[in-house]
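Here is a short note to read beside the model. Please keep the structure open and look up each residue as it comes.

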Amino acid sequence: MEIGLEGEPFLPSRLEPILEAEEEPIPESAISDHDIQDPCAPGPSAAHFSQPRNTIHRCKTAPALAAMRESKSGPGRLSKPSSDSSSIIRQAFFLLFLYLTLGVVIYSFNRDNFSGFETHAVVDALYFCIVTMCTIGYGDIAPLTPATKVFACVFVLENMILTSIQVGGAAAAGRGFSARNYIVDVEKGRMRIRLKVGLALGVVVLCIGTGTMMLYFLENFDWIDSVYLSVMSVTTVGYGDKAFKTLPGRLFAAIWLLFSTLAVARAFLYLAEARIDKRHRRITKWVLHREITVEDLLAADVNHNGFISKSEYVIYKLKEMGKIGENDILQICNQFNKLDPNNSGKITLPDLLENYRL
């Protein structure tokens, strides 16, 4: 028996092919006396005849709306991961505010220990912090005493340290510790991104240590000046107040600066990759563990045949994960059509041989 849809919300437009309208009314002249039944007799009720003539009825094979509602509001349904771009922006602004505030306060209390022309205490402090943070290093304001040089080194490295802690701590949260799983992704058989970040930062520290030792022995700097110039060189700040002046020192710097600059760039690349990888893993987990709905069936049914094939399901899930897009699928389909000149839907050995002859 057909079920009326009075009071029910309309289904999506893609469900229209499986819905059918009520049959056309029969003219009164074609109805004989024996066709009219008593309303009290078993069969269709009087209310059935009082329905509007344009009422839409559900086909017997159509999915029930109640089942659709239950699938949407089920207790085990996973919610889609929200974009963390807003939280990243808030964290970035908070860290930038903290970073600049600390630099301005320390500079303001040590103005006499920095070289350069003074204008306004707060403006000069903010100017020095921004120039240092952006690794520009004009050199018009530079630290003079050992204490301010140490502050400049810490200030330059602080941004990298805070970023690595933020990314590494977020990626390691929410799972039990295992030395093997922490280093290598056993399921995928590859090194985890957090280990890449750690190794890249370790190479940066090694470059700073190597530069410090060579400056101490080749340029005869003291330890503080050696660390200071090494950090400013590796991070590409370079205030210009210290430099390599001996022949062995400059030969070493020609190789050391090239390698250390690439190491810093690779460290920042891995930090950005770790943030993106964290986002992708959350989306992949949601896609693989959520229940399929009627809307998913309609969206994945590319051939509009009422069911999802294995290939359609794989393509739909890959699109949800963001692995592929519509343009990627179109390019692959165009390539397939070139290899299938007969439009048979298959690539056979004769097709390949013919393609090679062309």
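1. Start with a charge and a ring. The charged end of Lys 242 lies over the ring of Phe 221, 5.6 Å from the ring's centre. The charged end of Lys 149 is likewise placed over the ring of Tyr 228, 5.6 Å from the centre of that ring. A charge counts as over a ring if NZ of Lys or CZ of Arg is within 6 Å of the ring centre and within 35 degrees of the ring normal.

2. A word on the source. The model is predicted, so local features need pLDDT of at least 70 and side-chain atom pairs count only at pLDDT 80 or more, while totals for chains, interfaces and linings use all residues. Residues are numbered from 1 along each chain as its sequence is written, and side-chain values use heavy atoms, with hydrogens and water left out.

3. Aromatic pairs come next. Rings of Phe, Tyr and Trp (its six-membered ring) pair if their centres lie within 6.5 Å; planes under 30 degrees apart are stacked, over 60 edge-to-face, and the rest tilted. This rule gives 12 aromatic pairs. Tyr 99 and Phe 155 are a stacked pair, because their ring centres are 4.2 Å apart and their planes stand at 20 degrees. This pair links distant parts of the chain, with Tyr 99 in helix α3 (residues 85–108) and Phe 155 in helix α5 (residues 146–172), 56 residues apart. Helices (H or I, at least four residues) and strands (E, at least two) are DSSP runs, numbered from the N terminus. Both Tyr 99 and Phe 155 are buried. Buried means under 20% relative accessible area, exposed over 50%, and partly exposed in between (1.4 Å probe, protein chains only).

4. Which arrangement do the rings of Tyr 216 and Phe 217 have, stacked or edge-to-face? Their planes stand at 90 degrees and their centres are 5.1 Å apart, so the pair is edge-to-face. Tyr 216 has 28% relative accessibility and therefore counts as partly exposed. Phe 217 reaches a relative accessible area of 53%, so Phe 217 is exposed.

5. One aromatic cluster is formed by Tyr 107, Phe 114, Phe 128 and Tyr 239. Phe 128 and Tyr 239 are also among the residues with the most contacts inside the largest nonpolar core, which has 41 residues. A nonpolar core is a set of buried Ala, Val, Leu, Ile, Met, Phe, Trp, Tyr and Cys residues joined through side-chain atoms within 4.5 Å. At least two residues of this core come from each of α3, α4 (121–133), α5, α7 (193–218), α8 (223–234) and α9 (247–289). The largest share, nine residues, is supplied by α9.

6. Thr 135, in the loop between α4 and β5 (142–143), has a phi near 55 degrees, a positive value in a residue other than glycine. With a relative accessible area of 30%, Thr 135 is partly exposed. Asn 343 also has a phi near 55 degrees, again positive in a residue other than glycine. Asn 343 is placed in the loop between α12 (326–339) and α13 (349–357), and at 65% relative accessibility Asn 343 is exposed.

7. Last, consider Leu 297 in helix α10 (residues 294–300). Leu 297 is partly exposed, at a relative accessible area of 31%. Ile 308 is 11 residues from Leu 297 in sequence, and the C-alpha to C-alpha distance between Leu 297 and Ile 308 is 6.7 Å.
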